[in-house]
Amino acid sequence: MSVVLADLAYWQETTIRLLVGLIAVLLPAGTLVYLFLFKMMSFMQSRLGPMEAGPYGSLQLLAEVGKFLQKEDILPKAADRLIFKLAPFVVLISTFLLILVIPAGPDLWFIDVDTGIFLGLAVSSISVIGILMAGWASSSKYSLLGALRATGQLIAYELPMVLAVVGVIIQAGTLNVQEIVMAQATGEIFGFGGIGNPYVITQFVGFLIFLIAVQAELTQPPFDMPVAESELVTGYLTEYSGLRFLMFFIGEFATAAIFSALAATLFLGGWYVPGLEPTDNLFNVIGPIVLLGKMLLVAFFIFWFRFTYPRFREDQLQQLAWKVLIPLSLVNIVITGVLKVVF
Amino acid sequence: MIQLSSPEETTEEEIEIPKRDDIREDLISKLKDDLGESLVATEIIAEVDVWARVTKEAWLETAQVLLTRYNMKYFNFLSAIDWLPSPFGRDMDAQVDQPEPVTPEEMTWGTTGGETRFQLLARVHDPENHLGISLKVDLEDTDLSIESWSSIYPGADWHEREVSEMFGITFLNHPNPVKLYLPGDFEGYPMRKDFALLARRIKPWPGIVDVEDMPGEESEEDEVDA
Amino acid sequence: MSDTADTKQMAYIAAQAADARVNLEIETEGMTLNIGPQHPATHGTLRIVVRLDGEQVISADPLMGYMHRGYEKLTEVRTYPQVTTLVNRIDWLGSFANEVPFILAAEQLMEVEAPPRAQWIRTALFEMSRIANVVLFLGDMGVQLGAVTPVFFAFRDREFILNQIEAVTGGRFHPNFDRIGGLKDDLPKGWIDETRGVLKRIRNFCDEIETLVVGNEIFQSRTRNIGVIPADIGLSYGLSGANIRSSGVDWDIRRDGGVGLVHNELDWKVWTHPDGDSFARFWVRLQEVRESCTMIEQILDGIPSGPVMAKVPRIIKVPAGEAYVETENPLGVMGYYVISKGDLTPFRVKIRSASFNNVSITPWLLKGVYVPDVISILASLYFILGDIDR
């Protein structure tokens, strides 16, 4: 960005960044919703999914958005209005902040700070506040139960996520996301430099822990106690309708997309494909596409688990986090550190 | 006589040998020993079923005896019968409901007889020996109350609630005597015969609608003009 | 808001609370949660008022009657053949099975026996209604626990069974096919071979469910040792069918004391499970579907030829008497106690429906249980609202 647009005025640059940011969030979210939620889920369940709106139902998303936009804005009478209205925005803010740290090419980044991944993980936990606000302000018992479950779950699964990433950081030697990608691109596996060193190979355990933790952060099944449809209607989302529900919906899928992109960046090599020089200008063009492809691959697994497994009970969920994932990730860190020093 | 279905089979000569049902006879004789005077009437249809009618005071004791000594662990159901012939009744040969209530006929009772308008009907079962018994008890019109079985068979709880709201019978010592099906402010006891079925009052019975032919037969039986 | 509207609203709320026996003024402990009547989990309009302490249940109180149609009163003004139409709608998923005990009770009073061919076809349709009903349960249990996929497979494979039922009876959901003295019609041509193919699909479905659901570790951890019903308590509440067989009681009316159906001429097995938890109830039903497939295959091999209807008068007047017949329906034991006075219409019919007793155990069963487990226990008990409310 800085190279190409060095001659633009500040406000023009900002506008372009804003637009690109919006597209970077909404396009993957939309792709995920259509491809995986509508089509892949339907095919796995031996049905076709939406087929009417557009060829093969491709415009179903537009139809859904239109439907939500024209709905009545209902607020429960006893709801706390200000917090009720703010909650979806808080959730969306954390999503948009997270996209900032993910690079899409050697020169395509929003911010390039030395503590990139730390910033990313920190802002991703803002959504917990949003969910709590939503559940509390709805003044409904279902929502409150859902929000409390969600808070416990999200806090519990932050830790394995962070600890899984620590292994990557140790191996890369830096917190800067762009440099992590470079390290994977230029690294070598036991002397063989052909395909770089995507950390999924050495950090396989970390990758798995990260995926499980992401599944829980998104409150997807098997960790969807907070939105357990058959128990709490939709948990903390029960009282939301129309545009506000759409914002939560977008937030959920955008977060899924961005976490998948983060996993792809940290473990699969981000925008890099082996065979070219990492600083090649070609990457500025195909980088985003490569990243999109890898993101779809990771999201495929996330959604596949979503449609297959029943859900955990709250205490089983917490047990999994505290008694299994955290010790495992700590062991992973220790081994990574030891091996890093040895080799 | 059991009617045979196919005309090709030869009709056997029907020799009426009364069938003996030893198990059920045994049950009744032992019950007579246990309950004595409280067992008012019994009936056995051989190899089909057995009925017993007991006095109101012995209702709870009967349950206790059946559960402990006869292994009747399975509680099947508990309900009530209102023997009053329906005052909105229909003459058998009439085609439509009478528009006005008719004078009710004499009250008649079914198996094991009876003396009062309301009778309780209960059934318990022995799941190991596969033997079930239907029990009846008379309830006087002046005092429609009886002891609850829920201390012995917990499953009787809901059945008794239904009976009490549908027939107006009170169950003493019931743990939770509130309405089961009907809303809280419902008035009347729907299952009683003198409670009108509103749908039939508004729109009379259409009469015997012309039924289709039985498959493959010419009917020589009495045909009613529809 | 005007005063009258407010007082009306207060009166309405008070009436609802009185119905639920929830004391609005003195709620000293626990949070009261209303599960239903509009709720994705309850199969119909069942409302359970649950008092919670955190996530644990202190007391659970099912309130029903939202679907009460007054069948027992309605049967008093219907002729015997007309009652079959009514009674189809009690358990609407396996609806042929509802007609059978009533028809058998009327036949017992009339001392008429259906011809052998009718009995065999009756048994085949009876078992097919069991498959249709339980296959839905197998898929639905997954949905209650969060696995959304098996229910689609269940609906898909159930369509084939419903097609077969429709080919014979003309109705997918409400066949209304049983008549006193036999059946309305005979089998269409080619039905027997088609049904064999359909049974193969059902067996495949059972295998799929076994891998997808039964073998899933999360499913097992959600259902094992949850909602354990000891056999004696189950019997004293009147639990029946797969619910009581999964507590170890070896009792199946098809084998022990059934009338009118030909199960005793077939070679099949009664499945029991000693545990009595939710997993056992699921597992027993899965095996019963397989067993039903075996039974239908034997029936298809051995249907005798002959008429499908005995000689009964055109206008059916059942002689005076009382009869009680029960059969092993998909949901449990269903029985009809028919009192006749020689009229065209029954004098009193007591409908003993299986789910009524099955659900009466929930206040006892749900004490001390977590909220997610409430849903899974209800799902495993498997009731149909029409069966509870009649």
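Mentor: Start with helix α5 of chain A. Its buried residues are A:S127, A:V128, A:G130, A:I131, A:L132, A:M133, A:A134, A:G135 and A:A137. Buried means that 20 or more other C-beta atoms lie within 10 Å of a residue's own; exposed means 12 or fewer, partly exposed is in between, and C-beta atoms are placed from the backbone. After α5(A) comes A:S139, with a positive phi near 50°.

A word on the ground rules. This is a predicted model: local features need pLDDT of at least 70, side-chain atom pairs count only at pLDDT 80 or more, and totals for chains, interfaces and linings use all residues. Residues are numbered from 1 along each chain as its sequence is written, while chains are lettered from A and ligands numbered from 1 in the order in which they are written. Helices (H or I, at least four residues) and strands (E, at least two) are DSSP runs, numbered from the N terminus.

Chain A also touches chain C. That contact takes 21 residues from chain A and 25 from chain C. Contact means C-beta atoms, placed from the backbone, within 7 Å. On the chain C side, the elements giving two or more residues are β1 (31–35), α5 (116–145), α6 (150–169), α8 (217–223) and α14 (371–381). By class, this side has 16 nonpolar, 6 polar and 3 charged residues. Here Ala, Val, Leu, Ile, Met, Phe, Trp, Tyr, Cys and Pro count as nonpolar, Asp, Glu, Lys and Arg as charged, and the others, Gly among them, as polar.

Stay with chain C. Its domain assignment gives domain 1 (3–63) and domain 2 (71–389); such bounds come from an automatic or database assignment. Taken over C-alpha atoms, the centres of the two domains of chain C are 33 Å apart. In chain C, 14 residues of domain 1 are in contact with 16 residues of domain 2. On the domain 1 side, β3(C) gives the most, with 6 residues.

Chain C has an open sheet of 3 strands, in the order β6-β7-β8, with antiparallel pairing. Two strands pair if DSSP finds at least two bridges between them. β6 (321–329) and β8 of chain C stand at the edges with a single partner strand each, so one side of each is left without a neighbour in the sheet. Still, β8 (348–352) of chain C is mostly covered, with 4 of its 5 residues buried. It is joined to β7 (332–340) of chain C by 5 bridges, and C:Y337 stands opposite C:K350 in β8(C). β6(C) and β7(C) pair over 9 bridges. There C:N329 stands opposite C:G332. Helix α4 (96–110) of chain C lies across β6 and β7 of chain C, at about 150° to β6(C). Angles run from 0 to 180 degrees between N-to-C directions, with axes fitted to C-alpha atoms, for helices over the stretch in contact.

Chain B has an open sheet too. Its 5 strands run in the order β1-β2-β5-β4-β3, with mixed pairing. In chain B, β2 (49–54) and β5 (131–139) run parallel, joined by 4 bridges. B:R53 has B:K136 as its bridge partner in β5(B). Helix α1 (22–35) of chain B packs on this sheet, touching β1, β2 and β5 of chain B, and its direction makes about 175° with that of β1(B).

Technical notes:
Two residues are in contact if their C-beta atoms, placed from the backbone, lie within 7 Å.
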